[in-house]
Structure formats: structure tokens, C-alpha cells
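Work through the exercises below with the sequence and the model open. Each task is followed by a solution in steps.

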Amino acid sequence: MSKITNVRLPNATQTAYSPEQFNQLVRSLEQIVLQLNSTYTSFPDQSTSTAYTWFSHSAGPAGLGGSAQLPVLPYGSFQDNTAQYLGSTTEVMPMRYETTDFSNGIYLSSYTASFTATINDGTPPGAGTVLTVTAIASGTIQLGMILTGTGITAGTYITSQVSGTMGSTGVYTVSASQELTSRTFTGTLSSKITAAYAGIYDLQFSAQLINPEAQIHDINIWFRKNGTNIPESNSKFSVLNKHGSEDGACIATLNYFISLDPSDYVEIVWATTAITVGIQNFAASTSPIHPTTPSIIATIQLVSALS
């Protein structure tokens with residue numbers, strides 16, 4: 001479209017246009033319209049499909065020349081189908097995850113450690129749950145770490161530290177009784193829900209709490225960001241006591257808004273008032289029919305960019 005030129009608009013005399021000035025104004029407007037009509041080149045109307053392409057980097061919804069897609073925002077869904085118990089009422093453990101269901105811009109990252117240790121009853125020979133760590137090759141030992149190595153019972157994890165330097169050499173307890181002579185262990189704890197993009201995120205979780213005791217017990221659950229407890233984020237859940245042949249149970253569930261920068265991570269951490277009260281998965285049932293019960297489900301999604 002060309003620049004509009006050579007059009008002079010009349011100046012009103014005093015407070016109003018005279019009839020001659022009105023006629024001059026009409027002629028000037030006619031010249032403007034004429035120039036617009038002769039020089040204007042229209043842009044194609046933006047179709048709905050084009051709008052989808054611009055907004056979501058996709059071809060648009062079905063029927064408009066592409067597959068159905070909406071804007072892709074960061075999200076993640078994770079779960080665990082193993083038991084998680086603490087071996088002490090004075091220690092805490094991050095919730096861990098074994099499965100990533102969905103992930104886009106949100107991912108799990110892990111603590112890892114390699115060390116030399118034995119497992120026995122504490123006064124060998126004899127099977128037991130005493131893990132004695134004599135040397136650290138790399139990393140820091142964390143409660144909840146799944147242990148792998150030659151001859152280790154699958155699914156064995158660390159439940160508490162009894163003595164020694166925190167996260168280093170010393171005596172720990174594990175979840176499964178066994179007898180293993182000195183060898184190399186690898187510990188892995190996938191507990192860190194990590195963001196690739198900055199933003200405000202909505203974190204939601206559910207944890208299947210279980211209580212086999214005759215009295216009600218409590219579990220506290222809170223959030224950590226980059227290894228530091230978030231103030232005012234704790235919630236206390238009282239777990240029903242055993243009734244008849246059925247263990248007491250309840251679902252702990254919360255949603256929480258958290259600000260994360262790239263590579264920031266958030267963990268869900270818990271503590272218990274009884275070491276027999278913890279987080280438990282359940283197998284599927286055939287009578288009545290229902291699917292498996294994960295011990296933990298956690299989902300997270302972006303709700304806003306950082307202001």
C-alpha cells in the first residue's frame with residue numbers, strides 16, 4: 001500500500017467549517033479513498049488452521065488439514081509400584097518413582113552412589129538387614145536408594161542410617177534380609193522431579209498410606225526444592241488403625257504451586273510415627289475386579305510463565 005500524499009485537509013475558520021470548506025473536506029476524503037482503492041493489497045485471511053500452526057507448531061485440528069493438537073506445554077506424570085518404608089521415626093525419606101508415564105519438559109533425575117559394603121545380621125555369619133558401608137567411591141548415600149550389585153536381592157532399598165557419617169561410611173538398615181560379603185553396591189534414588197523450563201508449576205500427588213497397627217498413626221508429607229525444605233509446605237495425615245483383618249489405609253493427596261527455573265527440582269518428602277506405617281502398593285484384584293494400586297502417583301504441569 002502506497003503512502004497517502006498530496007491531500008490537503010481544510011482548516012476551520014474560527015469554530016466551524018464554512019460550506020466551501022465542507023466541500024473541500026469531502027473532495028479530500030474522496031482522494032484518500034481513491035488512493036486506498038488503487039494501491040491496497042490485501043493479506044489473506046488467517047485461517048483457523050494457520051492460527052493453530054502459529055500457536056502450537058502443529059498442523060491444526062482434524063478436518064482443517066492436520067491432526068488434532070493444542071499448545072504443547074511442559075508436563076510430567078510419574079508413579080511407583082513398590083513399597084516404601086522408613087526404618088526410623090526420626091529420619092525422613094524422599095518419595096521415589098520407578099515409572100515415567102508422560103514427560104515433556106519435565107523429567108526425573110536421580111541421586112546415585114557407589115560404595116563398598118556388606119549385608120548381614122550385624123554379627124556375621126548370618127542373614128540380616130544390617131548394611132555396613134566401609135568405603136565410598138562416588139556420590140552420597142540417601143535413604144530410599146534402591147541397591148543393585150552382584151547377588152543383591154532385587155528391590156532392596158535403604159531404610160535408615162544407624163551410625164557413622166551422614167550419607168557416607170557407617171551402618172545402615174535395608175528392607176530385605178540377606179547375607180552378602182564385601183562387594184560393590186550401586187544406590188539409585190529417582191526422586192527429583194526436574195523442570196527444563198522456567199515457570200509456575202502445579203504439582204499434584206497421591207500416596208497410598210498403610211497402617212497395620214492397632215492404633216492410629218501419623219505421616220507427615222512436605223516439599224523440598226533443590227534439596228531445601230519449602231517453608232509452610234507440610235501436611236499431616238492420620239492413618240486409620242487396623243480393623244478386623246484389614247490394615248488401615250488412606251490416600252494422602254495434595255496439589256501445590258511451585259516456581260521452578262531450568263534444572264530446578266522438587267521432591268516430596270515424608271516421615272512417620274511408626275516404622276510399620278508407610279507407603280504401600282497393592283496388586284490387581286479379580287474379586288471384585290480392580291487394577292493395581294500404585295504406592296505413589298505424581299503429576300506436574302506448567303500453569304504460567306514466570307512474571
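**Exercise 1.** How many bridges join β9 to strand β15, and in which sense do the two run?

Solution. Two bridges join β9 to β15 (residues 265-272), and the strands run antiparallel. Strands are DSSP runs of E with at least two residues, helices are runs of H or I with at least four residues, and both are numbered from the N terminus. Two strands pair if DSSP finds at least two bridges between them. In this pairing, Thr194 stands opposite Tyr265 in β15.

The model is predicted: local features need pLDDT of at least 70, side-chain atom pairs count only at pLDDT 80 or more, and totals for chains, interfaces and linings use all residues. Residues are numbered from 1 along each chain as its sequence is written, and side-chain values use heavy atoms, with hydrogens and water left out.

**Exercise 2.** Is Gln280 buried or exposed, and which side chains make polar contacts with the side chain of Gln280?

Solution. First locate the residue: Gln280 lies in the loop between β16 (278-279) and β17 (285-286). Its relative accessible area is 18%, so Gln280 is buried; the limits are under 20% for buried, over 50% for exposed and partly exposed in between (1.4 Å probe, protein chains only). Then list the polar contacts, defined as pairs of N or O atoms within 3.5 Å; within protein, one must be able to donate a hydrogen and the other to accept it, and residues adjacent in sequence count only if both atoms are side-chain atoms. The Gln280 side chain makes one with the side chain of Tyr85 at 2.9 Å and one with the side chain of Asn281 at 3.1 Å. Finally, leaving out residues up to four places away in sequence, Gln280 touches Ala83, Tyr85, Gln208, Ile210, Pro294 and Ser295, where a contact means heavy atoms within 4.5 Å.

**Exercise 3.** Where does Phe102 lie, and why is Phe102 classed as exposed?

Solution. Phe102 lies in β3 (residues 99-104). Phe102 is exposed because its relative accessible area is 53%.
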